[in-house]
Amino acid sequence: MKVSTKGRYALRILVDLAINSKDNFISIKEISERQKISIKYMETIVGMLNKGGFLQSLRGHSGGYKLSKPAENIVVGDVLRYIEGPLAPIPCLEGEVVTCDRASSCQTLPFWEGLYKVVTEYVDNFTIADLATMGNDSNGDFYCI
């Protein structure tokens, strides 16, 4: 599993809002400056997060974005699955049922199922609130290089 820039930036945007919004709407420009993400790219990601129900938006002079629910209720795994799609390490595990014709005789399937279980349990064990408390610098800015 490889998380794309879009997935990484989505988490950074949500964490930034968790740290900085204090229930106020924050402009894309403010988040962009803190996170060092271009406004144009952020618009795409924020649009996805808004459509996915992770953000609330407000138009106008005082407009911007804020989390649609408390950061403690936004699970990292849910965000990644929404932005990235299935987190399965191999295509035959992407659905609810194993779709491979060789599943009954596949020697490696248990390994892939175990890896998928570990990844899923890990990403589902963290919330945006958890991420907001780790890795922020002394200015409250949160970003990875």
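Predicted model: local features only at pLDDT ≥ 70, side-chain atom pairs only at ≥ 80, totals over all residues.
Trainee: Which residues of α5 are buried, and why do they line one face of the helix?

Mentor: An α-helix has 3.6 residues a turn, so residues three or four places apart point the same way. In α5 the buried residues are Leu 109, Val 119 and Val 123. Viewed down the axis of α5, its buried residues fall within an arc of 95°, and therefore they line one face of the helix. The buried residues of α5 pack against α4, which runs over residues 76–84.

Trainee: Which exposed residues does the face of α5 turned away from its buried side carry?

Mentor: That face carries Pro 110, Phe 111, Lys 117, Val 118 and Tyr 122, each of them exposed.

Trainee: How many aromatic pairs are there, and how should I read their geometry?

Mentor: Ring centres must lie within 6.5 Å to pair, and planes over 60 degrees apart count as edge-to-face. By this rule there are four aromatic pairs. One of them joins Tyr 9 and Tyr 41, edge-to-face, with 5.6 Å centre to centre and 70° between the planes. Tyr 9 belongs to helix α1 (residues 5–20) and Tyr 41 to helix α3 (residues 39–51), so this pair ties together parts that are 32 residues apart in sequence. Tyr 9 is buried, at a relative accessible area of 17%, while Tyr 41 is partly exposed, at 27%.

The edge-to-face pair of Phe 54 and Tyr 82 has 5.8 Å centre to centre and 65° between the planes. Because Phe 54 sits in the loop between α3 and β1 (55–58) and Tyr 82 in helix α4, the pair ties together parts that are 28 residues apart in sequence. Phe 54 is buried, with a relative accessible area of 7%, whereas Tyr 82 is partly exposed at 34% relative accessibility.

Trainee: Where is Lys 22 found, and what is its phi?

Mentor: Lys 22 is found in the loop between α1 and α2 (28–35), and its phi is near 45°, a positive value in a residue other than glycine. Lys 22 is exposed, at 62% relative accessibility.

Trainee: What is the phi of Lys 36, and is Lys 36 buried or exposed?

Mentor: Phi of Lys 36 is near 60°, a positive value in a residue other than glycine. Lys 36 lies in the loop between α2 and α3 and is exposed, with a relative accessible area of 56%.

How values were computed. Residues numbered from 1 in each chain as written. Heavy atoms only, no water. Buried < 20%, exposed > 50% of the residue type's maximum accessible area, 1.4 Å probe, protein only. Helix = DSSP H or I, 4+ residues; strand = E, 2+ residues; numbered from the N terminus. Arc of directions from axis to C-beta. Contact = heavy atoms within 4.5 Å. Phe/Tyr/Trp six-rings, centres within 6.5 Å; stacked < 30°, edge-to-face > 60°.
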